[in-house]
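Subject: Structure handover

Hello,

Here is the structure for you to take over. My notes on it follow below.

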Amino acid sequence: MQKRFYNINVFRIWFTLTIIYGHIIQHWMMPHYGETPFFTNLYRHTSYAFGYLCEGFFIISGFFMFFTFLKKPSFEKLIISKIARLWPVIVFSLLGFFVLSLFGFVKFEKYGNIPALFFLNTALTPVPFNDGGAWYINAMFWGYVFYYCLDKVVREDIKIYVFSLITFFGYSILLNKLHLYNQPQIFCQLLSYSMIRGLAGMGFGYILAYVYNKKAETNNNKKYNIYKTIIEIFFIILLIKISIIKKTNSAFPIMLISFTILFLDFIFNKGFLSKITNKKIFDALGRYCYSTYMMQGIGFHLANKFLWNSTKYGVHQHPIINIWGGVLLCIVLGLITYHIVEIPAKNFILRKFNKEP
């Protein structure tokens, strides 16, 4: 079995940048500068389906969760490793919002941010907090907890069926909602839609890893690689189209189908694009995605204050440059956060609890 899936980082990089771009257009440019024809036309072709790309993050997490569970880690080791990986950047992000609030950039949700420190907001409670992008991180954390417990209590011979049933019912709920973002936060006072998305996506990723683990040793047929390359190109174009170009009510199921086909192609590494992206450079770039994703809220407020509202170099004078300037600012903040917060804090926590980094 392949130890590293370097090409999977292409999805992390691509989806992170697309989500940041989509948030800039939908949450900042349109509300503040949408009166101009440029942004009106851009908005018309920007689908909110870019937010559905988080499903890809959940599926990727579930895929690697399968191989984590094969190592039989203790519950303590799993929780500490996830806290060390995720918590420092969340704390740093909320600290950044607190600093911004001191200068009047944003209102700091001092009470709502307390449960946010424990991965609760949006996933398990609808309490408002500052870093809304963390909803995905919170749902993923509790998804790991849920599936770890399930992995321990379910017999090995029926485990894949239990995971499959949870995935089926999760997507049955989600696929019957054309617009996930317009739904009540809490479903039947039991689960939030964010948590359902997390459980469904991670369960699906687990299933794909199970399939890969069974088929990796026998799938050596190279005859159809040219066709797989054509399939790669087709579904990459389709994903780009439904996420930032063409609005459609079918975006969610199309995204799931397209990403699943691409993901399977990449993990089996048969098409041309999956091969040329299976390089260490993409692993090196992909490691910055989490910090970049989490710092986008800070980046947007800074860009809006110092860049987009500039009378000489602002959005109205140079719209395209300002849009990508905002994306670049988020990337720079992500790079800085990764090196000064994410890795040092992670290593400190793991050393503190005598775990390997």
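Helices here are DSSP runs of H or I with at least four residues, numbered from the N terminus. The model is predicted: local features need pLDDT of at least 70 and side-chain atom pairs count only at pLDDT 80 or more, while totals for chains, interfaces and linings use all residues. Residues are numbered from 1 along each chain as its sequence is written, and side-chain values use heavy atoms, with hydrogens and water left out.

Just after α4, Gly-104 has a positive phi of about 80°. The helix itself, residues 75–102, has 28 residues and spans 39 Å from its first C-alpha to its last, close to the expected 40 Å (1.5 Å times one less than the number of residues). α4 bends by about 35° at Leu-86, with Pro-88 following within four residues; the bend is the angle between axes fitted to the seven residues ending there and the seven starting there.

Thr-277 sits in the loop between α11 (272–276) and α12 (280–286). Thr-277 counts as buried because its relative accessibility is 12%.

Regards

Technical notes. Helices (H or I, at least four residues) and strands (E, at least two) are DSSP runs, numbered from the N terminus. Buried means under 20% relative accessible area, exposed over 50%, partly exposed in between (1.4 Å probe, protein chains only).
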